[in-house]
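Look at the model below and keep it at hand while reading. The points that follow are grouped by topic.

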Amino acid sequence: MTTADTTRSATGTRRLRRPKGMTAHIFLVLAVLISVFPFVWTIVMATNTTEDIYKSPPKLTFGSHLLENIRHVLNTIDFFGSMLNTIIVACVTTVLVLFIDSLAAFAFAKFDFPGRKVLFGTLLVFMMLPLQLAVLPQFILMSEIGWVGMLKALALPALANAFGIFWLHQYIQNGVPDELLDAARIDGAGFFRQYWNIALPMIKPALSFLAIYAFVNAWNDYVWPLIVLTDPSHVTLQVELAQLHVGHTTDYSMVMAGVLMAALPLVVVFAVFARGFIAGATEGAVQGS
């Protein structure tokens, strides 16, 4: 085959691949637009009035009433007080979930002990059960220890997260070589030193993802704080935002302004931890290539 024939063959192959690439790009653009639309629509509603929202067809452009709607939110509810409660609960819960779940996952993945398979199977069963089934037993437990109405009652039930343990177990099982742990044992490293000095640095991408997952769950939790927080000064942000709904006279532009304000910390958390997740995944891909 001559050089010209080779060039024509390569050109034809690129032409065949181009339509497939275009189709993939079009599909990705449509998926992004569908995913972003709820957030854009929230901003549109937060910057307009409720009358603009009820228009037919509704107003799809940004308005000039954002500051006014934010002022209404701050005058109606204790926004910053409830946000501070939520930040405390979400941060404490995330830190404890990362520590306890990673410690349990490391033990399940790299150590053989009696009853390991039974315990891990039980964990998977609990992961499949609806969270609502645990509300009543949790409330009875919080009542027995005198934590009803306190913020620490929100952190305790979330510590041993079944999904977090399963997620980190799978990552540690494949991402932490047994040879490194064997070498550490020969050097006299115990369980906690192997966990802290070897396993944790190697599972940073998985920890970043779990941090986002735990923080978002704690931030958006509504049912459990509504039940267990009996002190109005200790309510979290989602419970406080629910008070913006007033029967048939709900000011939806004010509600959307409150939702927009409540979502901003989640964007910051995602930006911080997603960077570590992406960097770790990219580093692994480069090392494996």
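The lining of the largest pocket takes at least two residues from each of α4 (79-110), α5 (116-128), α6 (135-144), α8 (162-175), α11 (204-220) and α12 (223-228). Helices here are DSSP runs of H or I with at least four residues, strands are runs of E with at least two, and both are numbered from the N terminus. The model is predicted, so local features need pLDDT of at least 70 and side-chain atom pairs count only at pLDDT 80 or more, while totals for chains, interfaces and linings use all residues. Residues are numbered from 1 along each chain as its sequence is written, and side-chain values use heavy atoms, with hydrogens and water left out.

**Largest pocket**
- A pocket is found on a 1 Å grid over the protein atoms alone: it is an open set of points where a 1.4 Å probe fits, with protein on both sides within 12 Å along at least five of seven lines, and its lining residues have an atom within 4 Å of a point.
- The space in the largest pocket is about 1200 Å³, where volume means the space filled by probe spheres set on the points, and points are joined across faces, edges and corners.
- Its lining has 36 residues, and Leu 131, Gln 138, Pro 157, Ala 158 and Asn 161 lie nearest the centre.
- Helix α11 gives the most to this lining, six residues.
- The lining of the largest pocket is made of 27 nonpolar, eight polar and one charged residues.
- In these classes, Ala, Val, Leu, Ile, Met, Phe, Trp, Tyr, Cys and Pro are nonpolar, Asp, Glu, Lys and Arg are charged, and the others, Gly among them, are polar.

**Second largest pocket**
- The volume of the second largest pocket is about 350 Å³.
- Residues lining the second largest pocket include Pro 38, Phe 39, Ile 212 and Phe 270.
- Two or more lining residues come from each of α1 (3-46) and α14 (252-288), and α14 has the largest share, with seven.
- By class, 11 residues of this lining are nonpolar, one is polar and none is charged.

**Chain as a whole**
- The chain contains 14 helices and zero strands.
- Of its 289 residues, 33% are buried; buried means under 20% relative accessible area, exposed over 50%, and partly exposed in between (1.4 Å probe, protein chains only).

**Thr 94**
- Thr 94 sits in helix α4 and counts as buried because its relative accessibility is 5%.
- Leaving out residues up to four places away in sequence, Thr 94 touches Ala 211, Ala 214 and Phe 215; contact means heavy atoms within 4.5 Å.
- Thr 94 and Leu 159 are 65 residues apart in sequence, with 8.4 Å between their C-alpha atoms.

**Salt bridges**
- The structure has three salt bridges, each a side-chain nitrogen of Lys or Arg within 4 Å of a carboxyl oxygen of Asp or Glu.
- Lys 55 pairs with Asp 52 at 3.2 Å, N to O; Lys 55 is partly exposed at 48% relative accessibility, whereas Asp 52 is buried at 10%.
- Lys 110 pairs with Asp 178 at 2.8 Å, N to O.
- This pair links distant parts of the chain, with Lys 110 in helix α4 and Asp 178 in helix α9 (residues 178-186), 68 residues apart.
- Lys 110 is buried at 13%, and Asp 178 is partly exposed at 42%.
- Arg 185 pairs with Asp 182 at 2.6 Å, N to O; both lie in helix α9, three residues apart, about one turn of the helix.
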